[in-house]
Amino acid sequence: MRNYSRKIFGFNGTIHYPILDGAGAIALPLVYFYVTWISNHKGIIIVHAWPWALLILIGAIFPAYITLKWYDEPVANGYGKTGVASK
């Protein structure tokens, strides 16, 4: 169980930057979409809202992972090769 937990927390740590810290490029549009949906459906209870919340959560993880692998990691590796990160 310990190794499994380490993998989950490690993944959450690496995916954190593209979702939240990357100027909100992924999280903010999804939050706005969810808040708009909730405000258009007044009186909705959590039993009816949780599938949409789960869909948005999963919808945030996929583009964040793509951003991490295709942009963040290559840029970080490029800085390491040029010595910019060590200054």
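Seven residues form the largest nonpolar core: Ile 15, Ile 19, Ile 26, Ala 27, Ala 60, Ala 64 and Leu 68. A nonpolar core is a set of buried Ala, Val, Leu, Ile, Met, Phe, Trp, Tyr and Cys residues joined through side-chain atoms within 4.5 Å, where buried means under 20% relative accessible area, exposed over 50%, and partly exposed in between (1.4 Å probe, protein chains only). Helices α1 (2–21) and α3 each supply at least two residues of this core, and the largest share, three residues, comes from α3. Helices here are DSSP runs of H or I with at least four residues, numbered from the N terminus.

This is a predicted model, in which local features need pLDDT of at least 70 and side-chain atom pairs count only at pLDDT 80 or more, while totals for chains, interfaces and linings use all residues. Residues are numbered from 1 along each chain as its sequence is written, and side-chain values use heavy atoms, with hydrogens and water left out.

Tyr 34 lies in helix α2 (residues 27–40). With the same exclusion of neighbours within four places in sequence, Tyr 34 is in contact with Ala 49, Trp 52, Ala 53 and Ile 56. Tyr 34 has a relative accessible area of 22%, so it counts as partly exposed.

Notes. Contact = heavy atoms within 4.5 Å.
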